[in-house]
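Have the model open while you read.

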Amino acid sequence: MPISTEKNFEEKFNLFKEWLTQQDNFTSNDMIITANESSLASGFSNETFIFNIKEKNISKNYVLRLKPSNYQVFPEYNLKLQVDIMRCLHKRGFPAPNVILYESNDDILGSEFYLMDFINGEAPSDNPPYHMDPEGMVGKASKDERRKIWTEWLNYLSQIHIINIDEINLNILDDKYRNNDPIDIDITYYQNFLDWGMDGEDNPLCNDVIKWLRENKPKKNNPLSLCWGDSRPGNILYQDFKATALLDWEMATYGDPISDIAWGLAVDDASSIGLTIDRLEGSMEYDEALDIWSKNTGFSIDNYDYYRIFSLLKFSVIMIRVAKKLVFNNIMPLESDFYKNNYISNFLKSEFETKVNL
């Protein structure tokens, strides 16, 4: 993703250093806190700083992540929920980041934030998509190494899906989804997201898809599970093609876990086939991925096609705000129609027309 122009790095980092030295375990006068050069790059819907603390002969890297304070891609952004999920998974032995501190007071840096341990690893590229990035980690990998990227994703995703949600304390998701229809909740969310993103302009394709999703809701679903939401290899850090960190929980929900598989496979297809690019050799075919996941979890794949269309609808709605943010950041011209005419929406149109004509 492009570098965010929103953050005043030096000012925020100085304020953060002052705050940090007042926290338990960070009060030593011998600490030297310095920003890492990679802090110049930021997630597109987040502000992320990497820094180093040296104390005596010990040097350690940390990550500071802030809630977006200016142009948001998502209409809602629950940072506390993301912290709760990562802490829950870390406690259960998943390679989720260790969140050290969470601060809800947005007067300190202009928005709430959390501090976590830095984890070594590299994620498959989003920009450009890794299928068209010969110099990226996936492009340079062997066929077997690429397959390992996919099997690691499926392994941890399966383990997440079989967590008994009665045994975890994610009250925000409990209150929202328990005793309600998760599909209705999510369809309504993306309808509102669409209306907000389009700012009064009609989007016939997405509205038609949402109408179809409402009229064709599955009658039988898998058990309610923790769903990653933005579940894909691109949100995993790998070291020697072994997963070291499961990242980006801003889209997490409770729902049918087949939605996570559908999202990961649909996004990969949209970012390859949708760009008329062949998927790299070693990439897992979706029939095999579904078979592995179903055997790992014991869950049904019957509703895959429905959730694949839903995934492409979600991606298309998100792209509206991503594209408008490119305009906001002067990366695209004001007159660009990329927000409604892009490879994601075109791929959705193609798949949707095929689906409804079956």
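How many cavities of 30 Å³ or more does a search of the whole structure find? The search finds one.

1. Ground rules. This is a predicted model, where local features need pLDDT of at least 70, side-chain atom pairs count only at pLDDT 80 or more, and totals for chains, interfaces and linings use all residues. Residues are numbered from 1 along each chain as its sequence is written, and side-chain values use heavy atoms, with hydrogens and water left out.

2. The cavity. The largest cavity holds about 40 Å³ of space. Its lining consists of Pro124, Tyr130, Val138, Arg146, Ile149, Trp150, Pro233 and Ser283. Helix α4 (residues 143-161) has the largest share, three residues. (On a 1 Å grid over the protein atoms alone, a cavity is a set of points where a 1.4 Å probe fits but cannot get out, and a pocket is an open set with protein on both sides within 12 Å along at least five of seven lines; lining residues have an atom within 4 Å of a point.)

3. The second largest pocket. About 590 Å³ of space lies here, and 35 residues line the pocket. Lys176, Tyr177, Asp186, Ala252 and Thr253 lie nearest its centre. α6 gives the most to this lining, five residues.

4. Cysteines. The whole structure has zero disulfides (a disulfide being a pair of cysteine sulfur atoms within 2.5 Å). For Cys227, the nearest cysteine sulfur is that of Cys88, 14 Å away. Cys227 is buried at 1% relative accessibility (buried means under 20% relative accessible area, with a 1.4 Å probe and protein chains only).

Key:
Points joined across faces, edges and corners; volume = space filled by probe spheres on them. Helix = DSSP H or I, 4+ residues; strand = E, 2+ residues; numbered from the N terminus. Buried < 20%, exposed > 50% of the residue type's maximum accessible area, 1.4 Å probe, protein only.
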